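Biologist: I would like a close look at one part of this model rather than a tour of the whole. Please state the cut-offs behind your terms as you go.

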Amino acid sequence: MTVSAVKIIQPGEIQSLPDDETPLLVLPVAKDVFRERATRLAQLSESAPLKDWLFFCSQVASAQEDSVDQVTSEQLDENIIKESLRHGMPPTSVTTWKAGKDWDEAFKAFTEALTKKDLLPVVRQSLDSFVKADQAQLKKQAEDFLKADEKDVRPEWAPFIGAILQMIWTKKVAQLTPYAGSYRGENSLCPVCGSHPVASVVRVGARDGHRYLCCSLCASEWYAARARCTNCDTPKEVSMMGETKESLIQGECCDDCQGYLKIMYQSRDPMMEVVADDLASIQVDLALSNEGYQRTGRNMFFMVSGETEEKES
Ligand SMILES: [Zn+2]
Ligand SMILES: [Zn+2]
């Protein structure tokens, strides 16, 4: 596949925050997130070139759906939540996390759910080694992976570690729903947990035409003005690179920092799910990489070493 510039967006084209009731922060319902992701991955695995990989990812997401409600979260203080959101500081920041009881609980729930699936032999093998691994080492790998420090993380365990971390955070942030209105900012990283977005989505329905960045970890969505690089906030124009003008997925490319983040238009496929469609569109990443752009989005189902530059926050 090749990509070409389909549109150059000038700064100022669509830039200010909405002044109506459009929400600036939308928090996830944990079970729904994983159900929709598993369904979409299963659908994509029927036709995409990476069939086995996408089918495996659908089994992982389905295990997340089956087990996420067994994860309990610590109660967060209401005032801390409100004040943090108001000042653009993530109330459930990833930076200070240490794997403890939350990890033990989510690890057990997830691995028990995944082991019940009809796994390919190679997957069963890596799951077995993951379950038997030294817990202290695993916890260290989880803490590293969370901060995108991947040099000591076993690549075949990365999707399991990523899945467990997503369960912990998605469950934890769901309790922030009543306070979402406290957030009025414009963040390039997730305002709830501080992680990188996986991509951005232009929504339909009640949020029609508005663009949101989608958290790779906790599945929160936060408003992002269009026509601006989400990596470096350059005031210069960005360009859309895609296979065709009508493709579901385009790369929003910045010639200032040479970074790109995928943007997806829900109106072009209402069934789209951001993490699933990101995994199924590796050909877009390859084409954009051939054009000299570097991926700035993160996907917790694979390692990003060597292909992502650290973002300025
Ligand atoms: Zn987040
Ligand atoms: Zn940029």
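Into which domains is the protein chain divided?

Modeller: The protein chain is split into domain 1 (4-23 + 182-295) and domain 2 (31-177), with bounds from an automatic or database domain assignment. This is a predicted model, in which local features need pLDDT of at least 70 and side-chain atom pairs count only at pLDDT 80 or more, while totals for chains, interfaces and linings use all residues. Residues are numbered from 1 along each chain as its sequence is written, chains are lettered from A and ligands numbered from 1 in the order in which they are written, and side-chain values use heavy atoms, leaving out hydrogens and water.

The centres of domain 1 and domain 2, taken over C-alpha atoms, are 23 Å apart, and 25 residues of domain 1 are in contact with 28 residues of domain 2, where contact means heavy atoms within 4.5 Å. A nonpolar core is a set of buried Ala, Val, Leu, Ile, Met, Phe, Trp, Tyr and Cys residues joined through side-chain atoms within 4.5 Å, and buried means under 20% relative accessible area, with exposed over 50% and partly exposed in between (1.4 Å probe, protein chains only).

The largest core has 93 residues, of which Trp-103, Leu-165 and Trp-169 touch the most other members. Its largest share, ten residues, comes from α7; helices (H or I, at least four residues) and strands (E, at least two) are DSSP runs, numbered from the N terminus. Once neighbours within four places in sequence are set aside, the contacts of Trp-169 are Thr-92, Ser-93, Val-94, Trp-97, Leu-146, Cys-193, Leu-217 and Cys-218.

Helix α7 (residues 158-174) also packs against helix α2 (residues 51-67), at an angle of about 30 degrees and with the axes 10 Å apart; axes are lines fitted to C-alpha atoms, for helices over the stretch in contact, and angles run from 0 to 180 degrees between N-to-C directions. From α2, the residues Trp-53, Phe-56, Val-60, Gln-64 and Ser-67 meet Pro-159, Phe-160, Ala-163, Gln-166 and Met-167 of α7. Sorted by class, this contact of α2 with α7 holds seven nonpolar, three polar and no charged residues, where Ala, Val, Leu, Ile, Met, Phe, Trp, Tyr, Cys and Pro count as nonpolar, Asp, Glu, Lys and Arg as charged, and the others, Gly among them, as polar.

Two loop residues deserve a careful look at their backbone. Ala-148, in the loop between α6 (135-146) and α7, has phi near 60 degrees, a positive value in a residue other than glycine, and at 29% relative accessibility Ala-148 counts as partly exposed. Ala-219 is placed in the loop between β4 (211-215) and β5 (221-223); its phi, near 70 degrees, is again a positive value in a residue other than glycine, and at 16% relative accessibility Ala-219 counts as buried.

Pro-18, in the loop between β1 (4-9) and β2 (25-26), is buried, with a relative accessible area of 14%. Not counting residues up to four places away in sequence, Pro-18 touches Leu-24, His-210 and Tyr-223. Between Pro-18 and Thr-96 there are 78 residues in sequence and 33 Å in space, C-alpha to C-alpha.
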